[in-house]
Amino acid sequence: MALPPESEELRREVREFLDQHLAGTSPVDRCRTWFGFDPEFSRKLGERGWIGMTWPNRYGGHERPASDRYVVIEEMLAAGAPVAAHWIADRQSGPLLLEYGTDTARDMLLPGIAKGEIFFCIGMSETQAGSDLAAIRTSAVRGDGGWIVNGSKLWTTGVMEAHHMIALVRTSPAGASRHDGLSQLIIDLSAPGVSRRPIRDHQGEEHFGEVHLQDVFVPDAMVVGEPGNGWAQVNAELAYERSGPERYLSSYRVFEELAASARGCEDQVLTVAIGEMTARLWALRQMSLSVAEGVARGANPVVEAAIVKDLGATLEQDMPMLAQMYANQPVAGPSSLQTTTDYLLRFSPIFPLRGGTREILRGIIAREMGLR
């Protein structure tokens, strides 16, 4: 897939914006990128029309081609912009609502998302149900005009700052398949009965959290799609999550720093290592673009997205390790290459976990190939 000239023209505009707004941002802060929470930055993107870019005008969108959105996301991540506030809502919650949400939910939520003012998180994993989502225990029972939800979610990205959570819950007993009876509900995280707690990771950061739900009321208008159809909807949603540029650009900052350190260097081993990383980045970019084009056409490329995510997570883990192995830096004083390498080496263990573990993804791929 080749991007049209209009999208490449937009790329120049985005780069000028980022040069202005990210001046002075440290290399490590740039490494955080889609974990970097900055509501004011998200609102500025909303003012530029760079959130909800492909959505209909009636919902605050801008009806621009998918190639424009891809360029904006790619440039934001490559530059290390702090996009966490609006990230999940723009990437998957908004498109899910466009596809399956009620008119009430769309009118209430989508314009605010497009302005960079309403933030979402995704409630899938639980204590006894990590990658095995069909084992979730959070349940919802019918109430007067809606549903009463009880349970908890764990490892929820951005839950401490989000306004709403799209949660996968069980609304009826499993049938012939344990995937039956699952539904998605939009939960207002300020509602009575909701409590949240941050989870501090090994670097002292709090990107994740847990949320407990005790008799939380969710009106019928906040049901996403048909009750009981949640499993199919989640799979469609994960195609958005698994195939974007974030699946191969999370370690991009260390690649930039390593390439900069190699300019004028005659170390052939280092040159070959950078060439290998470049080739893998470019191949994954083409694969990701292909999946994005399929999603824009209305396809549901679940398996293709799983392949991009698996290969991308592998590359993201490899790049800081290769930088550590091949960097030829003076030992006197910390360098930007050293600080980014150190940070990403510590951060990289989560890459093959988020968005579905490597084992789950390879199971999906194997099933498509008829191997299981």
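Trainee: How exposed is Val295, going by its relative accessible area?

Mentor: This is a predicted model, so keep that in mind throughout. Val295 counts as partly exposed because its relative accessible area is 23%.

Trainee: Where does Val295 lie, and how far apart in space are the C-alpha atoms of Val295 and Ala236?

Mentor: Val295 belongs to helix H10, which covers residues 268-296. Along the sequence, Val295 and Ala236 are 59 residues apart. In space, C-alpha to C-alpha, the separation of Val295 and Ala236 is 9.5 Å.

Trainee: Staying with H10, at what angle does helix H9 pack on H10?

Mentor: H9 is the helix of residues 252-262, and its axis is 11 Å from that of H10. H9 passes H10 in a left-handed crossing. The packing angle for H9 and H10 is about 145°.

Trainee: How many charged residues are in the contact of H9 with H10?

Mentor: On the H9 side you have Tyr252, Phe255, Leu258, Ala259 and Ala262, and they meet Leu270, Ile274, Met277, Thr278 and Leu281 of H10. Sorted by class, that contact has nine nonpolar residues and one polar.

Trainee: What is the relative orientation of H5 and H6?

Mentor: Helix H5 runs over residues 84-100 and helix H6 over residues 103-114, and their axes come within 11 Å and cross at roughly 155°. The crossing is left-handed. Angles over 145 degrees fall in one class, so H5 and H6 are roughly antiparallel.

Trainee: How many charged residues sit in the contact of H5 with H6?

Mentor: H5 brings Ala89, Asp90, Gly94, Leu97, Leu98, Glu99 and Tyr100, while H6 brings Arg106, Leu109, Leu110 and Ile113. Seven of the residues in this contact are nonpolar and one is polar. The charged ones number three.

Trainee: And H11 against H13: what is their relative orientation?

Mentor: The axes of helix H11 (residues 302-326) and H13 come within 9 Å and cross at roughly 140°. H11 passes H13 in a left-handed crossing. An angle has to be over 145 degrees to count as roughly antiparallel. H11 and H13 are therefore oblique.

Trainee: How many charged residues does the contact of H11 with H13 have?

Mentor: From H11 the contact takes Val302, Val303, Ala306, Ile307, Lys309, Asp310, Ala313, Thr314 and Gln317, and from H13 it takes Arg358, Leu361, Arg362, Ile364, Ile365 and Glu368. Eight of these residues are nonpolar and two are polar. The charged ones come to five.

Trainee: Which residue follows H13 with a positive phi?

Mentor: H13 covers residues 358-368, and its buried residues include Leu361 and Ile364. Past the helix, look for a phi near 80°. The residue with that phi is Gly370.

Trainee: Is Met369 buried or exposed?

Mentor: Met369 is in the segment after H13. Exposed needs a relative accessible area over 50%. Met369 has 58%, so it counts as exposed.

Trainee: What is the phi of Thr33?

Mentor: Most residues other than glycine have a negative phi. Thr33 sits in the loop between helix H2 (27-32) and helix H3 (39-48), and it is buried at 3% relative accessible area. Although Thr33 is not a glycine, its phi is positive, at about 25°.

Trainee: In which strand is Asp215 found?

Mentor: Asp215 is not a glycine either, yet it has a positive phi of about 50°. As for its place, Asp215 is in strand E7.

Trainee: With which residue does the side chain of Glu205 make a polar contact of 3.0 Å?

Mentor: Glu205 is in the loop between strand E6 (194-199) and strand E7 (208-219), and it counts as buried because its relative accessibility is 11%. Beyond its neighbours within four places in sequence, its contacts include Arg32, Ile199 and Arg200. The side-chain polar contact of 3.0 Å joins Glu205 to Tyr343.

Key:
Residues are numbered from 1 along each chain as its sequence is written. This is a predicted model: local features need pLDDT of at least 70, side-chain atom pairs count only at pLDDT 80 or more; totals for chains, interfaces and linings use all residues. Side-chain values use heavy atoms; hydrogens and water are left out. Helices (H or I, at least four residues) and strands (E, at least two) are DSSP runs, numbered from the N terminus. Buried means under 20% relative accessible area, exposed over 50%, partly exposed in between (1.4 Å probe, protein chains only). A polar contact is a pair of N or O atoms within 3.5 Å; within protein, one must be able to donate a hydrogen and the other to accept it, and residues adjacent in sequence count only if both atoms are side-chain atoms. Contact means heavy atoms within 4.5 Å. Axes are lines fitted to C-alpha atoms, for helices over the stretch in contact, and angles run from 0 to 180 degrees between N-to-C directions. Angles under 35 degrees count as roughly parallel, over 145 as roughly antiparallel, 65 to 115 as roughly perpendicular and the rest as oblique. A crossing is left-handed if the near helix is turned anticlockwise from the far one by less than a right angle, and right-handed if clockwise. Ala, Val, Leu, Ile, Met, Phe, Trp, Tyr, Cys and Pro count as nonpolar, Asp, Glu, Lys and Arg as charged, and the others, Gly among them, as polar.
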